[in-house]
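I opened the notebook to look up ring pairs and helix packing.

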Amino acid sequence: MPDGYNYPADVERDEDSRYVVAFRDFGWGATDGGTRAEALAEARDLLRELIAATMREGGDLPDPSPADEERPMVVPPVQIALKAALYDAWRHAGISRRQFARDLDVAESEVRRMLNPDHATKAATIDRALHRLGKRLTVTVSEAA
């Protein structure tokens with residue numbers, strides 16, 4: 001289980017001089033922009049969708065590759081990073097949604113919503129659920145790129 005959901009992006013110029021961004025850790029999906037900055041802004045939305053699609057399909061989220069000078073790190077929106085952390089922790093715990101609901105003393109439908117990448121869930125709720133799975137949520141703030 002990764003300890004973060006920031007992924008390095010591959011950025012290349014295409015034959016039309018547009019910047020194309022892809023995430024090799026996922027192996028599919030790409031976006032582009034007229035400028036490098038625009039393409040990287042679009043990459044954040046793409047990363048959100050790659051994480052969400054993997055969760056919807058019930059797959060394993062890939063561990064992010066190490067950062068390097070050639071591949072800029074893309075930070076996903078906070079809500080999807082929180083959802084990804086909960087999803088990963090729940091999958092690694094190897095328990096059913098029903099058991100997780102019992103452990104949290106909530107309805108199973110609430111657990112389904114918590115694990116749904118498209119449903120808004122309060123950070124405090126995710127933090128409590130992560131704690132029940134033996135995980136601790138931390139926040140890191142760094143300089144903007």
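**Aromatic pairs**

I noted that Tyr7 and Phe26 are both buried. The model I am reading is a predicted one.

I then looked up how many aromatic pairs the structure holds, and the count is 2.

Next I asked where the two residues lie. Tyr7 is in strand 1 (residues 7–8), while Phe26 is in the loop between strand 3 (19–22) and strand 4 (30–33), so the pair ties together parts 19 residues apart in sequence.

Tyr87 and Trp90 form another tilted aromatic pair, with 6.5 Å from centre to centre and 45 degrees between the planes. Both residues sit in helix 2 (residues 78–93), and because they are 3 residues apart there, about one helical turn separates them. I checked burial here too: Tyr87 is buried, and Trp90 is buried as well.

**Helix packing**

I looked up helix 3 (residues 97–104) against helix 5 (residues 123–132). Their axes are 10 Å apart and the packing angle is about 105 degrees. That angle falls in the range 65 to 115 degrees, so I wrote down helix 3 as roughly perpendicular to helix 5.

Which residues make the contact? Helix 3 gives Phe100, Asp103 and Leu104, and helix 5 gives Arg128, Ala129 and Arg132. I sorted the residues of this contact into 3 nonpolar, 3 charged and no polar.

How values were computed. Residues numbered from 1 in each chain as written. Predicted model: local features only at pLDDT ≥ 70, side-chain atom pairs only at ≥ 80, totals over all residues. Heavy atoms only, no water. Phe/Tyr/Trp six-rings, centres within 6.5 Å; stacked < 30°, edge-to-face > 60°. Helix = DSSP H or I, 4+ residues; strand = E, 2+ residues; numbered from the N terminus. Buried < 20%, exposed > 50% of the residue type's maximum accessible area, 1.4 Å probe, protein only. Axes fitted to C-alpha atoms, helices over the stretch in contact; angles between N-to-C directions. Parallel < 35°, antiparallel > 145°, perpendicular 65-115°, else oblique. Contact = heavy atoms within 4.5 Å. Nonpolar A, V, L, I, M, F, W, Y, C, P; charged D, E, K, R; others polar.
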